[in-house]
Amino acid sequence: MDVKLISGALGAEISGINLADTSVSNFNLINKLLLEHKVLFFRNQNITADDQISLAKCFGPLEKHVYVKPRENYPEIIRIIKGPNEKHQWGETWHTDVSYNVKPTKVIILRSVKIPPVGGDTMFSNMEIAYETLDKEIKNKLKNKTAIHSSLGAAAFVDKYEKMSGNGNMDEYSNIHPVVRTHPETGKKILYVNSMYTKKINDMDKKESDEILNEIFKHQERLDFTCRFKWTENAVAIWDNRSTLHQGLTDFFPGKGLGYERIMDRIAIEGDKPH
Ligand code: SIN
């Protein structure tokens, strides 16, 4: 096995591990690497949808997306498709998945099916470092604070994208989570807000909450907290959704990435209630 770090903040490209091997020892190794690096990348993994599901089940119960219609015959898989002439793609700004749920996603396994020649890399940001490096005054203000996370406006997640379909659900979900959560497996503190879903810090007036949240959102996006993965077909990313933010870049410009499809298969594993 070889582990190549892809930035100073997080992320490792792993070779010499077969993701179709769901033995306890192989899974324990993958999970150990994941807790250490927060996002793992594997290339040339010629795995099937069933292999991807089997691996995902090793992490825990699978989660169904509340809005997106899954792949036919695979209720566990969302197929993320960017049409050739679309400039936008699903997941295109910094976020942590479904933080509006009571138990937001634990881990995501994303497999590349079709990749443009250029464009559409995925970026990740390390929320453990984001917490450690947070301004002391802001840290003090956030002590024991909670925030409201909401899916308000979620219809746009599918309506905006030509090739993605909703499952008909339009309900709004909103839940309160600690602004700083503790990772259930590593015990580390994590900054747990994101600009896509976090609407307000509780027990603060709206103006102060907006000011602090905007400051934190800027902080979370610092490039020195990030890594970036350039996809090839049959690659797999596995990330810890509790301790990271991510976004799919939309750098699809004429004469370059525009004019090509991008297709990914995504499986989410259910998390626990953040504490
Ligand atoms: C996502 O936000 O889950 C998708 C990211 C990507 O397709 O790069």
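**Stop one: around the ligand**

Keep in mind that this model is predicted. Start by selecting strand 15 and strand 16 (262-269): each of them supplies at least two residues of the shell around the ligand. Now pick out the whole shell, which is made up of Ile 80, Trp 90, Gly 91, Thr 122, His 246, Gly 248, Met 264 and Arg 266.

**Stop two: helix 6**

Next, select residues 206-220, which form helix 6. This helix has 15 residues and reaches 20 Å from its first C-alpha to its last, close to the 21 Å expected at 1.5 Å a residue. Which of its residues are buried? Highlight Leu 213, Ile 216 and Gln 220 to see them. Now turn the view to look down the axis of helix 6: the buried residues fall within an arc of 65°, so they line one face of the helix. Over on the other side, Lys 207, Glu 208, Glu 211, Asn 214 and Lys 218 are exposed.

What covers the buried residues of helix 6? Show strand 7 (122-126), helix 3 (127-132), strand 11 (189-191), strand 12 (198-201) and strand 15 (244-248), which are among the elements that do.

**Stop three: the nonpolar core**

Last, go for the largest nonpolar core, with its 57 residues. Zoom in on Ala 237: leaving aside its neighbours within four places in sequence, it is in contact with Val 39, Phe 41, Leu 110, Thr 122 and Phe 229. Thr 122 also turned up at stop one, in the shell around the ligand.

Key
Residues numbered from 1 in each chain as written. Predicted model: local features only at pLDDT ≥ 70, side-chain atom pairs only at ≥ 80, totals over all residues. Helix = DSSP H or I, 4+ residues; strand = E, 2+ residues; numbered from the N terminus. Expected span 1.5 Å × (residues − 1). Buried ≥ 20, exposed ≤ 12 C-beta atoms within 10 Å, placed from the backbone. Arc of directions from axis to C-beta. Contact = placed C-beta atoms within 7 Å. Near = placed C-beta within 6 Å. Core = buried A, V, L, I, M, F, W, Y, C linked by C-beta atoms within 7 Å.
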